[in-house]
Each structure stands twice: as C-alpha cells, then as structure tokens.
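Try each one yourself before you read the solution.

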Amino acid sequence: MDFNGEKCLVAYFSRKGNNYVNGNIMNIAVGNTEVAANMIQEITGCDVFHIEAVNEYPKDYMEATTVAQKEQHENARPELTCHVKDMDSYNVIFLGYPNWWGTMPMPVFTFLEEYDFSGKTIIPFCTHEGSGMGHSESDIKKLCPNANVLKGLPIRGGSVNGAKNDISSWLQK
Ligand SMILES: Cc1cc2nc3c(=O)[nH]c(=O)nc-3n(C[C@H](O)[C@H](O)[C@H](O)COP(=O)(O)O)c2cc1C
C-alpha cells in the first residue's frame, strides 16, 4: 500500500508475556511495539511484517533480560522464522522494536543484515521504559550505511495505548 506515494512496510519485533511496565512486572497479551505497529498500519495502510526469532524468548521478564543480554554480548544473529517476500518493492520501512539493553533486540540486527536497504528510507520507532531510542539509531546506520535513516519516535511502553495522536502527528512530519 502507498503512503505519500511511497510503497511502505511496517516491520516490527515485539515480545508478549511478562514485561516491566511503569515500574511493575505485568503480563501483556499484545506486545507494546506490536500495539504501536498496528496503529501505524491503521493510519498509513502499509503492509506489516512481524520479525520473529525461531527461538522464542522466555515469557518471564528476568529470564528474557538474561537471554537478551547474553545475545547482545555475543553479537548474536538469531535465526528468523520468516522473510519479506519482495523487499525490493518497498521504498519506506517503518522499523519498530522495544529498547533492549540500550538498543534493538538482536533479531532486528539479523533482519537488517538480511536485505539490501540501499536507497530506502528507514523510519525507526521504539517502545521503552525510560531509555528512549538508546543507541539504536546509530546501530541501524552502521548496519545499513546506504539507507536514509530518519530520526525515530520513542514511545513509553506503558503509555502505548494512548499514543495514537502522537504517532499520527509524527507521521505527518
Ligand atoms: C530483555 C529486555 C531488555 C530491556 N531493556 C530495556 C532498556 O535497556 N531500557 C528501557 O528503557 N527499557 C528496557 N526494556 C523494557 C522494554 O523496552 C519495554 O517494556 C518495551 O515497551 C517492550 O516492548 P514489547 O512489549 O513490544 O516487547 C527491556 C525489556 C526487556 C524484555
């Protein structure tokens, strides 16, 4: 589907289960980034792609943080369950992820290395519990040096359900 005349894709990673929300551990049925990705899809009509690792992350929050930290230290590239059929056809990619230890979850690194983003525009959005975008934007630029990486939108995970207006005005820019 077109957005401002560009064929665009919303690609996101999100983990449901126990998460740290506004200082408490809560069980969430739909991940925060997935909620934001669905809002972008509704507003723009873009296609959607869910970035998922073959090895699921633990539902338990503390266990998930341990696995995620280990993967980050190892600079791992977790295998993904599925792939975008025709990435060449998209000009604009909205890239969504939760902030994990200051940057993107490692499956998003796998995703970014899997395709040639030269000449495409990547627009990041990130849900977090206080760290904003972290250093994710510079990591995206390193992984996709020939893409045009725009400034991202950080969304507080615990407030994502009320973020549609902010997302809408960010998209208009
Ligand atoms: C493994 C892991 C690491 C996290 N690290 C951070 C962090 O460094 N900074 C931060 O602000 N939030 C951190 N969080 C909180 C998430 O970014 C936040 O809850 C996000 O909205 C989760 O999105 P999701 O439900 O789409 O997975 C972390 C959460 C997990 C599970």
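**Exercise 1.** How far is an oxygen atom of the ligand from an N or O atom in the side chain of Thr33?

*Solution.* A few ground rules come in handy. This is a predicted model, where local features need pLDDT of at least 70, side-chain atom pairs count only at pLDDT 80 or more, and totals for chains, interfaces and linings use all residues. Residues are numbered from 1 along each chain as its sequence is written, and side-chain values use heavy atoms, with hydrogens and water left out.

Step 1: look for a polar contact, a pair of N or O atoms within 3.5 Å. Step 2: for the side chain of Thr33, the distance from an N or O atom to a ligand oxygen is 2.7 Å. Step 3: look at Ser14, where a side-chain N or O atom is 2.6 Å from an oxygen of the ligand. Step 4: turn to the backbone, where a polar atom of Gly130 lies 3.2 Å from a ligand oxygen.

**Exercise 2.** Which helix gives the most residues to the shell around the ligand?

*Solution.* Step 1: list the elements (DSSP runs; helices are H or I with at least four residues, strands E with at least two). Strand 3 (17-21), helix 1 (32-44), helix 2 (61-73) and strand 7 (121-128) each supply at least two shell residues. Step 2: pick the top contributor, helix 2, with four residues.

**Exercise 3.** How many residues line the largest pocket?

*Solution.* Step 1: the count is 22, and Asn19, Tyr61, Asn99, Trp100 and Glu129 lie nearest the centre of the pocket. Step 2: sort this lining into seven nonpolar, 13 polar and two charged residues. Step 3: helix 2 again gives the most, with four residues.

Note on methods
A polar contact is a pair of N or O atoms within 3.5 Å; within protein, one must be able to donate a hydrogen and the other to accept it, and residues adjacent in sequence count only if both atoms are side-chain atoms. On a 1 Å grid over the protein atoms alone, a cavity is a set of points where a 1.4 Å probe fits but cannot get out, and a pocket is an open set with protein on both sides within 12 Å along at least five of seven lines; lining residues have an atom within 4 Å of a point. Ala, Val, Leu, Ile, Met, Phe, Trp, Tyr, Cys and Pro count as nonpolar, Asp, Glu, Lys and Arg as charged, and the others, Gly among them, as polar.
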